[in-house]
Amino acid sequence: MIDFRIDRRSGVATYQQIVDQVEHALRLGLLRPGDRLPTAKEVVAATAINPNTVLKAYRELERNGLVEAKRGLGTFVSRSLAMPRDAVEGPLGDEIADWVRRAEQAGLGREDVAALMKAALDENF
Amino acid sequence: MSTEAGIALAATGLGKRYRRGWALRDCTFELPMGSICALVGPNGAGKSTLMRLVTGLITPTEGDVRVNQKVAFLAQDKPLYRRFTVAEMLRAGASMNPDWDDTYAKQLVEEAGVPLGARIGTLSGGQRTRVALAIALGRRPELIMLDEPLADLDPLARDEVMRALLAEAAGTGTTVVLSSHVLTDLEETCDHLLLLADGGVRLAGPVEDLLAQHRILTGPAGLTVPAESVVDSRTTARQATVLARTASAEAGWEAAQPTLEELTLAYLRASKGEAA
């Protein structure tokens with residue numbers, strides 16, 4: 001089951017941190033459809049945050065169609081965000097790994113690469 | 001009354017006068033069921049008076065307070081008998097409360113890792129608080145009021161007590177009103193704020209709304225903000241920092257939403273300035 005880590009100094013709203021962490025786990029396939037999210041009580045017992053904050057995060061995830069609350073049973077993942085396997089391990093993944101290596105050899109820094117990637121995304125995606 | 005639906009607690013023009021003067025006056029607010037409310041204010045602001053009015057330990061001099069849920073109160077001195085064992089203390093709790101849930105109270109004590117046979121006097125501050133909390137929750141309240149429950153506890157015990165309290169609130173939907181001097185304790189835990197100073201309400205409402213209604217403005221000294229929106233301001237030779245009740249950025253100022261601690265401190269400072 002997913003374990004939330006709340007960073008009180010990040011400046012990101014607590015409920016948003018929970019939403020982000022669930023989405024991140026879905027993208028990485030750590031959470032899959034049918035998995036149950038921890039109850040508000042379980043999250044609160046571990047992190048000492050406000051239970052209504054947890055419920056707010058779950059409502060937001062539900063609005064986005066990622067989870068479904070089943071009365072009396074809990075909140076369950078209903079949709080995956082995991083990328084298709086071939087995207088990660090197939091030619092697309094290989095090509096971008098190769099491109100990043102070449103960018104590094106060309107003397108670009110990590111931020112330069114990220115900026116180039118963002119510009120390309122903004123322009124074409 | 002349909003307007004009362006979902007309201008745990010509502011005060012209207014509530015006031016209490018003792019022989020030495022008003023301890024609380026013109027206190028008006030309402031609190032939805034299931035909320036976790038921080039009650040904040042300097043010593044003598046009227047926090048304990050308000051809690052005692054809500055729990056019915058004292059009667060108002062004027063105005064009224066409506067409590068729509070079954071209340072439990074955990075007083076600051078955590079009334080426990082030092083010579084009693086934990087089990088005896090729970091039995092005392094049972095005999096004083098007709099709707100006592102013994103299984104639940106024992107479970108809470110067990111979760112706290114406190115042995116039933118231990119004498120109250122031998123327990124640590126954190127353990128004593130957990131026992132007092134178990135007794136307060138043992139009557140299955142729908143609204144629990146805690147007066148400085150975290151005072152005198154070390155950071156680890158504070159964290160444990162807070163987690164236990166919030167987990168129970170999450171599990172049962174209990175409304176919680178909690179007073180504390182330690183503002184950082186409240187930042188992530190409370191969704192409502194009630195700030196008292198000099199016996200009056202200075203700020204009340206959902207935390208999220210209150211934060212959205214205020215901005216910390218920084219700008220060059222000499223720049224001004226409409227006086228009626230200023231809560232608290234500090235000026236150095238070149239720079240002014242103002243906490244203002246405004247949702248928009250005033251021209252020329254850098255605006256940021258305050259944290260709950262910044263907001264609370266600004267109001268506490270402002271009320272101290274008025275009193276001086």
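A residue is called buried if 20 or more other C-beta atoms lie within 10 Å of its own, exposed if 12 or fewer, and partly exposed in between, with C-beta atoms placed from the backbone. The figures show a predicted model, in which local features need pLDDT of at least 70, side-chain atom pairs count only at pLDDT 80 or more, and totals for chains, interfaces and linings use all residues. Residues are numbered from 1 along each chain as its sequence is written, while chains are lettered from A and ligands numbered from 1 in the order in which they are written.

**Figure 1. Strand S8 (residues 192-197) of chain B is mostly covered.** Six of the six residues of this strand are buried. B:His192, B:Leu194 and B:Leu196 point one way from S8(B), and B:Leu193, B:Leu195 and B:Ala197 point the other way. Helices (H or I, at least four residues) and strands (E, at least two) are DSSP runs, numbered from the N terminus.

**Figure 2. S8(B) pairs with strand S3 (residues 36-40) and with strand S9 (residues 200-206) of chain B.** Two strands pair if DSSP finds at least two bridges between them. S3(B) and S8(B) run parallel and are joined by four bridges, whereas S8(B) and S9(B) are antiparallel, with six bridges. B:Leu193 stands opposite B:Ala38, and its bridge partner in S9(B) is B:Gly205. Two residues lie between the strands in the hairpin of S8(B) and S9(B), where B:Asp198 takes a positive phi near 50°.

**Figure 3. Helix H2 (residues 86-96) of chain B has buried residues on one face.** B:Val86, B:Met89, B:Leu90 and B:Gly93 are buried. Seen down the helix axis, the buried residues of H2(B) fall within an arc of 100°, so they line one face of the helix; the arc is that of the directions from the axis to the C-beta atoms. These buried residues pack against helix H3 (102-111) and helix H4 (125-138) of chain B.

**Figure 4. Chain B touches chain A through 14 residues of chain B and 12 residues of chain A.** Two residues are in contact if their C-beta atoms, placed from the backbone, lie within 7 Å. Helix H5 (residues 155-172) of chain B supplies eight residues, the largest share of the side of chain B that touches chain A. By class, that side has seven nonpolar, two polar and five charged residues. Ala, Val, Leu, Ile, Met, Phe, Trp, Tyr, Cys and Pro count as nonpolar, Asp, Glu, Lys and Arg as charged, and the others, Gly among them, as polar.
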